[in-house]
Amino acid sequence: MPQKSPALRSFFSAYLHEDWPVEFTDTHLAVKSFLDQEPDQQLLKQIVDEIDAYLNLKRSDQEVEKGLFDELGCYYLPRGEGLNPREWLRSVRDLIARQF
């Protein structure tokens, strides 16, 4: 079975891995670092599309947050900082979408 959201999973594993707080003070700085290093507009669009598809598949905020780790390999839990997981993921999407 092909992996769902391969570009998004690759992004999270590279920038929001288990040691991301050692490298970045917040998640948006991690996203900005990725954007500074990634000139491939097609990849950026793919990540945005995969975020949209992911959010459309998840009914609840709990499903979104659980899937961030279980399905996408993201080591950031938005609720740990009092953030809504769906809104946080949309903010990541919007930061990336501004690049194209």
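A helix axis here is a line fitted to C-alpha atoms over the stretch in contact, and angles run from 0 to 180 degrees between N-to-C directions. Helices themselves are DSSP runs of H or I, at least four residues, numbered from the N terminus.

This is a predicted model, where local features need pLDDT of at least 70 and side-chain atom pairs count only at pLDDT 80 or more, while totals for chains, interfaces and linings use all residues. Residues are numbered from 1 along each chain as its sequence is written, and side-chain values use heavy atoms, leaving out hydrogens and water.

Now the helix pair. Helix α4 covers residues 41-57 and α6 covers residues 85-97; their axes lie 9 Å apart at an angle of about 160°. The two are therefore roughly antiparallel, the word for angles over 145 degrees.

Which residues of α4 meet α6? Among them are Leu-44, Ile-47, Val-48 and Leu-55, and on the α6 side Arg-86, Leu-89 and Ile-96 are included. Contact means heavy atoms within 4.5 Å.

Next, two residues. Is Arg-86 buried or exposed? Arg-86 counts as buried, because its relative accessibility is 12%; buried is under 20% and exposed over 50%, with a 1.4 Å probe and protein chains only. Its side chain reaches the backbone oxygen of Leu-55 at 3.1 Å.

Gln-42, in α4, counts as exposed at 66%.

Technical notes
Angles under 35 degrees count as roughly parallel, over 145 as roughly antiparallel, 65 to 115 as roughly perpendicular and the rest as oblique. A polar contact is a pair of N or O atoms within 3.5 Å; within protein, one must be able to donate a hydrogen and the other to accept it, and residues adjacent in sequence count only if both atoms are side-chain atoms.
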